[in-house]
Amino acid sequence: MGTKHQSSDAVSDQKKRRKVGFTKTDEGVQPNDCIKIYIASREDEVGSQVGFPIEPVDLSSFFEEDGKIYGYQGLKITVWISSISFQAYADISFESTCDAGKGITDLKASLQNIFADNLVETKDDFLKTFSSETNYVKSMISDGKVISNGLHGHLNADSSELEVVRVEGESMGLLYCRLVPLVLLLVDGSNPIDVTDPDWEIYLLVEKKTDEKDVPQKLLGFAALYRFFHYPDSHRLRLGQILVFPPYQRKGYGSHLLQVITDMAVADNIYDFSIEEPLDSLQHVRACIDIPRLLALQSIQPALNSVVSRLKGENLAKRTQITRFSPPSDTIEEVRKTLKINKKQFLQCWEILIYLALDPIEKHLDNFRTIVLDRIRGDVIGKDTGASGKRVLEVPTEFDSEVSFVMFKTNGGSDESKEVEIEESDKMKQEEQLQKLVDERIEAIKLVADKVSVKSS
Ligand SMILES: CC(=O)SCCNC(=O)CCNC(=O)[C@H](O)C(C)(C)COP(=O)(O)OP(=O)(O)OC[C@H]1O[C@@H](n2cnc3c(N)ncnc32)[C@H](O)[C@@H]1OP(=O)(O)O
């Protein structure tokens, strides 16, 4: 790591000696405002800002208690991450430092919270890694087990032979430690997996015959899966992390990797396959894979037809109670057994299948909206809504300031007129929030429906 003008030891010493008589308070700077991060695949990209810029998540959790950097004027930090060795180099420059009461942030220690041992001390040493580490990926996967090997349809056949390789043992631990900074920078709130736990499995997406001469194999992304015992004699597979590196995103690689993992789950006859807290982007990719698989399952059509004909014949605006349009339980079980899709994911897909089957959707959109609303109301607010003494309130939380609700029980003896007032405004707010969630959900469903319709036409 390069620290221009000042070593980190000097910075630490200054931090300890806080000045008393400062004149101007130090407001600090947000890390995301002064740190630029690039992925570089060649030596000449370092320093020239022609690498691939990445947009990191909020970096404040890696810096001091309140997430800011203090004590610097004109601070600029540029980090390059090599896509060959996944080591990094940080170029730090600033006009001056001054302890104005908040100390001077130890930048080296903070950057190490993200990059750990992957930061190379000097630029020269970092530049050398582009030639000395050209075989890094190849050597790491040399003992790996190839899970899938084939050409990728979207890309030129000459340069697009893809392999999914499972790495194990020491190689897995070493390689994963090089990938952790990218996980921390790109997946909000992520934590590194415990590579010493033998139930974690890492699958790498590797491009062979790359277009970059001298680089025999290029790592495009990876997935970390946890395999755990399911009584009495099977296993469940849960995807904990998946990452396609930014230069290769939105080119079909994530779908390819997830498809291979899904096929493996079926081939291994595991109990079911799940994903831990999938982000919307991943949920979209997953649904685009699962919908065609579900449509190809024979028992889906009769179950779907019966729901859809009811929906076409009824006017749900006039319903007197919530009607469920769930799939039959034997279909849920068959989907799990044959496709390894768990119930939660199947119910998500079920809504999309109904949307696709309600043709023309424009004619039945009101009814569709109603079933989505009823389902979301049930998920978010729960069955107890409206029961006496129970109340649901919208509250902002660190997870999602817009759509969080809390339920509490009122005790007797409170001011009833006030309660009615609060109840009415709460209800309106709640209804608005629910409608917003329905809009978002229908938009997401539409995206998947458009994608799978194009694929099948
Ligand atoms: C359990 C977890 O790991 S959750 C965290 C998931 N990982 C991340 O978010 C890390 C950053 N993102 C990524 O690594 C990748 O974008 C992945 C893994 C989510 C997807 O991989 P990609 O190679 O980009 O996916 P791929 O190209 O196959 O498909 C992308 C599809 O998702 C859509 N998509 C991509 N980003 C988003 C987004 N933010 N919101 C909605 N849809 C999105 C694209 O439009 C595309 O859809 P289309 O095929 O209908 O046009």
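**Around the ligand**

Me: Let's start with the ligand. How many residues surround it, and which are the closest?

Reply: You count a residue as near a molecule if one of its heavy atoms lies within 4 Å of it. Here 22 residues surround the ligand, and the closest are Arg250, Gly252, Gly254, Ser255 and Lys451. Keep in mind that this is a predicted model, where local features need pLDDT of at least 70, side-chain atom pairs count only at pLDDT 80 or more, and totals for chains, interfaces and linings use all residues. Residues are numbered from 1 along each chain as its sequence is written, and side-chain values use heavy atoms, with hydrogens and water left out.

Me: What is pLDDT, and what is its mean for the protein?

Reply: pLDDT is the predictor's confidence in each residue, from 0 to 100. The protein has a mean of 86, with 82% of its residues at 70 or more. Residues 1-13 stay under 50, though, and residues 407-414 are below 50 as well. Where pLDDT is low, the predicted coordinates should not be read in detail.

Me: Back to the ligand: which atom of Lys451 does an oxygen of the ligand sit 2.6 Å from?

Reply: Look for polar contacts, which are pairs of N or O atoms within 3.5 Å (within protein, one must be able to donate a hydrogen and the other to accept it, and residues adjacent in sequence count only if both atoms are side-chain atoms). For Lys451, it's an N or O atom in the side chain. Arg250 instead uses a backbone N or O atom, 2.7 Å from a ligand oxygen, and a polar backbone atom of Val244 is 2.8 Å from one.

Me: Which strand or helix gives the most to the shell?

Reply: Helices (H or I, at least four residues) and strands (E, at least two) are DSSP runs, numbered from the N terminus. S12 gives the most, with five residues. Strand S12 (234-244), helix H7 (253-267) and helix H8 (280-295) each supply at least two.

Me: And which domains does the shell draw on?

Reply: Domain bounds come from an automatic or database domain assignment. This protein is split into domain 1 (31-132), domain 2 (136-277) and domain 3 (278-371 + 448-457). The shell takes at least three residues from each of domain 2 and domain 3.

Methods: Contact = heavy atoms within 4.5 Å.
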